[in-house]
Amino acid sequence: MRIVVDLSRCQGYAQCAFLAPDAFRMHGEEALMYDPSPDDAQREQVLRAAAACPLQAIVVDRLEGRDAAVEVSP
Amino acid sequence: MSSATTLKGFKRDGRIVIVGASLAGLRAAEALRDEGFTGSLTMIGDELGEPYDRPPLSKQVLTGWVPAEGTTLPRRRDIDAEWLLGVPADHLDLATNHVRLADGRRIPFDRMLISTGVRARPWFVEAEAALDGVFVVRTREDADGLRRAMAAGPSRVLVIGAGFTGSEIASICRERGIPVTVAELAPAPLVGGLGAMIGEVAADMQRAHGVDLRCGVKVTRLEGDAQGRFRRAHFSDGSTVDADVAVVALGGIRNTEWLRDSGLAVGVWGVACDSGCRAFDVNGLVTDDIFVAGDVARCPNPIYEYRFISLEHWANAVEQAEIAAHNMVSTQADRWPHLSIPTFWSIQFGVNIKSVGVPTYADEVVVTQGSVPDHRFVAAYGYQGRVTAAVSFNNAKWLDHYRQLIETAAPFPPSCPTPDQPADAKPVPVDFPGPTLLAQGATVVVTGHDPGERRVTAMRQHR
Amino acid sequence: MTTTETPDILPRILDYSSRADPYPLYAELRRTPVALQENGSYVISTYRELTGVLHDPRLSSDVRNLSRPMPGAADRAAPAFINLDPPEHDRLRRMAMRHFGPPHTPGLVAGMEGELTAVVSGLIDDFADRERIDIVDDFAYPFPVTVICHLLGVPREDESRFHVWVNHIIDAINYNPSTDPQEKLTNGMQATQDLRQYLGGLLDQRHGRPGDDLLTRLANDDGPEGRMTDDEIVSTANLLLIAGHETTVNLITNGMLTLLRHPEVLQRLRTEPDLVVPLVEELLRYEPPVHIIPWRAAYSDITVADTVIPQGSQIMLMLASGSRDPARFDDPDRFDPDRQDNQHLGFGSGIHLCFGGPLARLETQIALNALARRLNRPSLIADPPPYRPSPVLRGPIHLHIEQS
C-alpha cells in the first residue's frame, strides 16, 4: 500500500507509531519517519494509525487494488 | 472565458494540460476532478513513472529502510488523465495555446498549469561533477545511487552545503556510523534559512554528533583518481579532505528554461503569479489561462508586504496546487487567494525542526519557550515590531499558537511570558548573510480558516 | 464583545439532571465562546477557541498559577504531569513514555492486541448466555481495570480497595465550594492520600527487582534523564491508574449505548469489522469520555475571541462542546462513523494530549467489535440509562441490556 504523511501538519504526537510501529517510527522525541510503501500485511495497523492521527495528516491511497493507469511515452 | 456559461462548458469538456507531474501537479489534477472538471486532463513530466514523494529521499531512503522506488505518492482519487512521461516540455506558445515537447509533439490546451519544480544545482565544474562518487539528491535515481555508495562503507562522505538537505544527509551518515565532513560557505549550518542564532545551535548539534563541520570555507576543486573516482576535495583555505563520496547540496535551480521565450514573467526565482496562482506575462499583466504552483511559483504574499516569495516547501506545493485548481475552474468572483502561512520541517540528528511563517523576513529573533542547550525550544522572529515567523526544535506542538500570532500581526517580541521562557530571553539581531530587508510597508491580518474564506484586512502599524 | 454573563448555563450543565443529554446546553453555551462566570472564571466552548488555547503556551496546568487558590490545593502532594507545565511536564511525561510508547518502547500497545482480545473473550464468555447484562459491571469496567492493573503492576485482587478511592477522587475533581458539601472534597483528599500510600507500598517492593510492569520499570529506570523520585513515580502511577480505566469504561459504555441507539450501524459493524476504526474516532467526537477540562490557569493575560482573560484566571475548557461545534463539523449532532473530516477533541490537543489514547482506542475497538459480534439482538432496557455523577468524566453508571 502507499501512504504519505503531511509532515508540515504533523506535531509529533506519535499516535501512528504506537498503532503501526513497523510503518511509523519516531526519530528522537518528536520527528516522524515512516515507510511510504508498507507491506499489505500491515494494512490493518496502518489504517488504525491513519485514523488516530490528531492532525489527520496521513494520506492512504484510495485507488488501492486498481492500477492507476500511467501511460509512458513515447 | 469570463462568462459563467463558457466556464460551464469548459468544466464539462475543456482541455487542461499540467506540465510537471510531481507532487503539485498530481494534487492539482486530483483537485480539478474534485471540483467537477470532466474535460480532458494531460499530465506531462520529464521523469518516467508515477509521481513520487521527495522528502524521504534524503532521509528514510538513505538509511536503507525504504527503497528509492518505494516513495510513489498515494492517490486520493482517480484523475482519469493522459500521461505523457519521460519527455520534457521545451516550449510554450501562448499565441496558439500549445505546449511543445522535446520530441516535437504539440499539445493543445485551453488552460495550463506550470508545476515543473526545481532540479538540483549541479557541481559547477562538469568534469568534476562526472566523477564516480559525486552526487546530488533530487530524483529517486540520485537517492538510490547515494544509498548504494553509503552502503558500500565509504571511508568518509563530504557534504558540500549545510542547508537543510545537506544537514539531513550528514545526520544520516552519522546514524550509519560513516565519517562525514560538511563544508559550508556561511558561518554556520542553516544560516541562510534560519539566521545566525539557530545556525549556532545547528552547528553545536552537528559537532556533538561527530560531524567534521567546516564553515566559512568554499570547496574549490574535486579531485579524482586515474579511474575517475572522486578521492579528495580542496578548500579555499588551502586544506584538503580525503573522501570517497561527495554530496553536492547547494540548493536548486527552477525549471523555467523551457519558458524563456514564452512571454511569461520568468526569472531565477521562478514564474511570477498573482496570489490566485495566475501567471504574469513579461509586462506584469496577469494571464487568464496559465497558472503556476509549487516550487516553481513566485507568488506575492500580503502578510509579507506583498513581496513575491518562492518557497520550496512541501505544504506550499500542495496548497498552491489546490488553489490553482480551484481558480482554473472558477469565475473571477469565486477565486481564492493563496494565503496560508508557510510551514516547513526538517529532521536531523534526532531533532524535529519546524517553522511557520517566513524566518528570512525578520530583523530580530527571541527564544520564547524551552531550552536552547537541550535542543528543545521555540524562537519567534519579528520584523519591525511584529511577529513574522517562529522556529521550533522538538517543540512543534506550540507552533499553531505562533501561526495565530503571525496571522494577527501580533507585536514582537511577544509580550506575554510563558512558564518555560528562558529567564535571559532577549531579542537579538537575526543576522542573515544576505542583503538586509527594505523599509517597512503594508501590514495586514489574515482571517478565515478554510481556503475559500481566507481574506486579508489592512491594519494600522504597531510602530 | 463576546463575553457576557451567562449566569445559569454552566450550573445547569453541571447539575446532575443534565447528565443524560448536556448537548443542547453546550449549544447555548457556544453562543458565548468565552463566557465569564459569576465567580470570575472563564468557560471556553467553541472549537476554534479551544484549539487555540490548547496550543497557547500561556495556558498553565499548574494550580499555583491560579490567583484564587483551588480548594485543598495547598495539601496536594507532588502533582502528576497532567497538572504541570513545561519543562517539568515534558520531563516527567517523557520519562513515563519511555516505558509505554515510542520512541523507546514503540511496540508495547500494538503488541497487546492478543492479550486484550483474550480478556474481552473471557468476559463475554461469562455472560454470553444470559438474557440480561449490565454492560458496565459485566464488561466495560472489568476490562480496562484488568488491563491497567497488569500494565502498571497493581494486583487485580486489590481492585475493590482502590475502586472506592478512585470514585471519591473523581467526585472531587469538579468540587464547587458554593454548591457541594465539604465532605465531597475531604473524601476526595483522603482517598488521594490512601491511594498514594497504597501505591507507595507497592513501589517499595519494586526497587531493585526485575519486572516488566510500569511500576517496576519506573522504579529501576536507568534512562538518560535518570530516575523519577518515589514521589514522582507514585504521582505518575496514581494518574495512570485512574485515567487508565475510568475514561475507557465510559468510552466503551458510551460506544455500546450509541450503537444500540443506531442499530443500523451495529448491524454494519457485524459484517464490516474494519468500520470500528473510524467509528471509535466518531465516538470520541460524538460521545467522548472526558467532557470538560475543569480548570486551567492564565499564566499571563490571554486574548481569546476578543476577550482578555486576565492573568491568574481560572479557565474551564468544554471539550465535548467543541467537538459538537457546527462551525467546525458538518451536522455535528449526527453520529456518522463514515465522517471524513474528524479532528475531534476527544483526547484533547497539544502537549497534554491523552497519554494513554492509543491503548484506549485499541481497547475500545476490540471491545465493540466483540460485543457486536457476540451479543444476540441486544436492546436497551432503559434509555437514557442512569449516569454517574461526574459531568467531567461522563458516562452511564449502568447500562442494562437484554438479548435473546
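## Close-up views of a predicted model

**View 1. Where chain C meets chain A.** In this predicted model, 18 residues of chain C are in contact with 19 residues of chain A; a contact means that the C-beta atoms of two residues, placed from the backbone, lie within 7 Å. On the side of chain C that touches chain A, helix H13 (276-286) and helix H15 (357-374) of chain C each supply at least two residues. Helices (H or I, at least four residues) and strands (E, at least two) are DSSP runs, numbered from the N terminus. This side of chain C consists of 9 nonpolar, 5 polar and 4 charged residues; Ala, Val, Leu, Ile, Met, Phe, Trp, Tyr, Cys and Pro count as nonpolar, Asp, Glu, Lys and Arg as charged, and the others, Gly among them, as polar.

A note on reading these views: residues are numbered from 1 along each chain as its sequence is written, while chains are lettered from A and ligands numbered from 1 in the order in which they are written. Local features need pLDDT of at least 70, side-chain atom pairs count only at pLDDT 80 or more, and totals for chains, interfaces and linings use all residues.

**View 2. Domains 2 and 3 of chain B.** Chain B is assigned domain 1 (4-118 + 253-334), domain 2 (126-250) and domain 3 (350-429), with bounds from an automatic or database domain assignment. The C-alpha centres of domain 2 and domain 3 of chain B are 30 Å apart. Their contact takes 7 residues from domain 2 of chain B and 10 residues from domain 3 of chain B. On the domain 2 side, helix H7 (191-194) and helix H8 (196-208) of chain B give two or more residues, and H8(B) gives the most, with 4 residues.

**View 3. An open sheet in chain B.** Its 5 strands run in the order E9-E16-E10-E11-E12 (chain B), with parallel pairing; strands pair if DSSP finds at least two bridges between them. Strand E9 (134-135) and strand E12 (212-215) of chain B are the edge strands. Strand E10 (residues 157-160) and strand E11 (residues 180-184) of chain B are joined by 4 bridges, and B:Ile160 stands opposite B:Ala183 in E11(B).

**View 4. Backbone details in chain C.** The peptide bond joining C:Pro86 and C:Pro87 is cis, with omega about 0°. C:Asp306 is not a glycine, yet has a positive phi of about 70°. C:Asp306 counts as exposed because it has 10 C-beta neighbours inside 10 Å; the cut-offs are 20 or more other C-beta atoms within 10 Å for buried, 12 or fewer for exposed, and in between for partly exposed, with C-beta atoms placed from the backbone.
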